[in-house]
Amino acid sequence: MMKMVNEHTQRFIDAIDGGLAVLTAYDQVQLSGDMAAPFLQEGNFWWLMQVTQPGWKVIIDGARRNVVLVRPEIDEIHRIFDGEASDERLLAQSGAHEIILHKDFEKYLARLSNVHSVVRTYVDKTDYGFAHNPAQRELYAVLSRIFTSVQDCGVQLASLRALKDANEIAVMKQAAKLTCAAFADVRDRLSQYAHEYEIEADFTQYFRRHNATHAYEPIVASGANAVTLHYIENNDRLSKNKLVLIDIGARVNGYCADITRTYCINPTKRQRAVHGAVEAAHHRIIELIQPNLTVAEYMHAVDEIMKDALCELGLLEARSDETTYRRYFPHSVSHGLGVDVHDSLGRPRYLQPGMVLTVEPGIYIAEEGIGVRIEDDILVTETGHLNLTAALSTSL
Ligand SMILES: [Mn+2]
């Protein structure tokens, strides 16, 4: 009897109607000299194969339900320094049927091209101003030489990954729980910290002690630093009457949490008011989340809630003044969460059970040196929603 493919791969084969797909892990890239940059596996490849090493490829022949991993060629020096995962372990964790060597990869594809004229692959075409990992484009070039038609399966993968299964939800609850616990710990000791990096250090210690890592660059932003949305210097002094915005999440078994809280030891009346307005908006927005809510309706309701908050604080006079509105609330309120911190939801028209998204309203007042954001991780359920990070108080 043929070995069963894993559940994610099975869902993917169904989504591509039993076609052929070839996907690649990321390659390692240089940090400096003989040092490699920290490696994070490409999300789709990890989601399908659970292989964390660079350079691998997978051939998924949906018609024959056959999954073949392609082992990268590693020279003797890398083998000695980095080691090499065993076939047995990789076959067990990936659910693949067979492992072939990279030198046989193109021959193998050429044989498949006799049966399949179409092959699917994924090339990340987002443009955030970064150089892309070369692996996907290199694979695309190889596939284009061998097959008549190379089609993109990014949308199918994103749509599948958007709907978390029971195992994924269980792991995401662990990541949420660990991050909540680390926040609660830091909150208890807030008056003992003199610098932003001391807070970062305690989260790092907490995560590593529990075999987790930071899911993304931690943000610990005191006072006006919080107005810079991706402030990651974390080297400024803290002060008892300045707010400190902390945006940190753990990655546990490949899945991310993403939490933000804004704290203060001795808040002024104004800081209290801004925090209170964001906190009230935050809880109103979470209440909106339920299956079948269209994304358009959600966005509209969020705008109304955030405009209420800004009006109340005297920051917005005319509700139609979009420029002022966007000046104080310049980012989106939600993003998907999962294997990637910014997990694609696959451009859905409406929310569906199994989606996990953040809710993270913020108000940033540059002229007052105040930035407040509060962020929780919300699972859309059959009947409404479940706040995975509800255990952690949102209060100041
Ligand atoms: Mn976030």
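Modeller: Leaving out residues up to four places away in sequence, A250 touches A175, L178, T179, F207, A212, A215 and A257, where contact means C-beta atoms, placed from the backbone, within 7 Å. The model is a predicted one, in which local features need pLDDT of at least 70 and side-chain atom pairs count only at pLDDT 80 or more, while totals for chains, interfaces and linings use all residues. Residues are numbered from 1 along each chain as its sequence is written.

A250 belongs to the largest nonpolar core, which has 96 residues; such a core is a set of buried Ala, Val, Leu, Ile, Met, Phe, Trp, Tyr and Cys residues joined through C-beta atoms within 7 Å. A250 is among the members that touch the most others, together with V58, A175, V244, L245, V278 and I363. Helix α8 (residues 166–188) supplies the largest share of this core, 8 residues; helices are DSSP runs of H or I, at least four residues, and strands are runs of E, at least two, numbered from the N terminus.

The core also draws at least three residues from each of domain 1 (7–161) and domain 2 (163–387), with bounds from an automatic or database domain assignment. The C-alpha centres of these domains are 33 Å apart, and 9 residues of domain 1 contact 9 residues of domain 2. On the domain 1 side, α2 (43–49) and α7 (154–162) are the elements giving two or more residues, and α7 has the largest share, with 5 residues. That side comprises 5 nonpolar, 2 polar and 2 charged residues, counting Ala, Val, Leu, Ile, Met, Phe, Trp, Tyr, Cys and Pro as nonpolar, Asp, Glu, Lys and Arg as charged, and the others, Gly among them, as polar.

Helix α7 includes Q156. Q156 counts as buried because it has 21 C-beta neighbours inside 10 Å; the threshold is 20 or more other C-beta atoms within 10 Å, against 12 or fewer for exposed, with partly exposed in between. Beyond four places in sequence, Q156 is in contact with F12, A15 and I16.

For the whole protein, there are 12 helices and 19 strands, and 38% of the 396 residues count as buried. Among contacts between residues at least 6 apart in sequence, 69% join residues at least 24 apart. The C-alpha atoms fill a box of roughly 70 × 45 × 35 Å along the principal axes.

Note on methods: Contact = placed C-beta atoms within 7 Å.
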